[in-house]
Amino acid sequence: MNLPGHPQLAYVDNLLCVEGHALDDLANQHGTPLFVYSKASMLAALAAYQRGFVGRHVQICYAMKANPSLGVLQVFAKAGCGFDIVSGGELARALAAGAAPEKIIFSGVGKTRMEMQRALEVGIGCFNVESEAEIEVLNSVALSLGKRAPISIRVNPNVDPKTHPYISTGLKGNKFGIAHDRTLATYQRAHALAGLEIVGIDCHIGSQITEEAPYLETVDRMLELVESIELAGIAIEHLDFGGGLGINYNGDSPPAAETLWSKMLQRLDARGFGQRKLMIEPGRSLVGNAGVCVTEVLYLKPGEQKNFCIVDAAMNDLPRPAMYQAFHTIIPTARHQHAEASQVYDVVGPVCESGDWIGRERRLLVRPGERLAVLSAGAYCMSMASNYNARPRAAELLLDSEHCHVIRRRETIDDQLRCEALVDETTAAAPR
Ligand code: LLP
């Protein structure tokens, strides 16, 4: 039986399998914590967008911050996607995975001159400029290289995406984009600068959005602007509506990508923009439900107020619960027939903080040594993982029907120590 919202995940003979591979077998072979991704799920998520865009001129740019592992990027590069990047590091990763530079767009409020220079040298498709000050700097960097930088201005449309405040980005109080009221003046300024070439307009209102209304409102707000900018004699080639579509973590019911886009396209058609070049920057909705994190139960610890299920994954591997009180479904990798009854546990990691929890009040029937699968772990888990408590980063597998590829080996202690040095005490002791 397949699990709702997780088409590649199913119990087969009581063993939880991804693309037919039993997670317990993979854990025996590769250890835990272990991230396991399904290529078929990623491509199915991409196909939902592609179905929505049949007959349109669209560039899908995977927002690689969701999961920037090379093997994952390679899947999307091969499928023809571009990439939405936010740093020089992401640019290097995208290129290493085979991205076409002209399909790369560069977002972010704090691009450095060095990052701009590198992006211009390789010939990226567009800079999504986020402030009036950035426009001046990008212009000067481009002129110093004898180039023109293709730009979109990221507009802050002041639309409430109705999501967690830390991942709302299109409200007046957020640091992102240029205020709606300043947009026309900013386009006029950019138009006058020799180092810039205006190619589009951009927005991104937030993440884990589960309703259509904020997107539809954004279309209206953006088109008003496009009309006024074009009336002022500045042509806009492409319209970029960002990413943000949510996934099902806990019974959430976001619209399917194709349903959302058929409604957005209806609005665009109604106002005569349906045949414009469109861009989108989805991250989570392409990878989130394609990944699980397998973790081993270390100890069961009955408490006075709570029972704890202590596992070997922690907030350094799965930071979303600690950061956003986020919910991940947690299920056993094998359905055992135990004599004892199930218990309600807080599932927690070994990190020395009470914030290190992965799931609260979960009914589970497990014993130490057995394993749990933390679902919806394909997005913003490994990409936000850290070495807190000197814990090595987990390994990652990409499953492609019968093939299992190790796309990241488990980090070693040597990997962690590589960038550091002891102080040379002979120099430290010398007077200045
Ligand atoms: N475009 C821009 C400019 C963005 O800032 C983001 C995400 C995206 C696209 C992709 O959004 P998505 O389709 O993935 O929702 N760490 C948080 C999510 C942070 C999202 C940041 N920006 C979490 O775990 O919920």
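Predicted model: local features only at pLDDT ≥ 70, side-chain atom pairs only at ≥ 80, totals over all residues.
Residues are numbered from 1 along each chain as its sequence is written, and side-chain values use heavy atoms, with hydrogens and water left out.

In that shell there are 19 residues, and the closest to the ligand are S207, E281, R284, R320 and Y380. By class, the shell divides into 6 nonpolar, 7 polar and 6 charged residues, where Ala, Val, Leu, Ile, Met, Phe, Trp, Tyr, Cys and Pro count as nonpolar, Asp, Glu, Lys and Arg as charged, and the others, Gly among them, as polar.

Let me turn to the polar contacts, that is, pairs of N or O atoms within 3.5 Å. An N or O atom in the side chain of S207 is 2.4 Å from an oxygen atom of the ligand, and the side chain of D84 places an N or O atom 3.3 Å from a ligand nitrogen. From G283, a backbone N or O atom lies 2.8 Å from an oxygen atom of the ligand. Taken alone, the ligand exposes 590 Å², of which the protein buries 92%, with areas from the Shrake-Rupley method and a 1.4 Å probe.

Where does the ligand sit? It sits in the largest pocket, in the sense that more than half of its atoms lie within 2 Å of the pocket's grid points. A pocket here is an open set of points on a 1 Å grid over the protein atoms alone, with protein on both sides within 12 Å along at least five of seven lines, and lining residues have an atom within 4 Å of a point. About 690 Å³ of space lies in this largest pocket, a volume being the space filled by probe spheres set on the points. Of its 32 lining residues, K65, I167, T169, H204 and Y380 are the closest to its centre, and the lining comprises 11 nonpolar, 13 polar and 8 charged residues.

How values were computed
Near = heavy atom within 4 Å. Polar contact = N/O pair within 3.5 Å; in protein donor to acceptor, adjacent residues only side chain to side chain. 1 Å grid on protein atoms, 1.4 Å probe; cavity = no way out; pocket = protein on both sides within 12 Å on 5 of 7 lines; lining within 4 Å.
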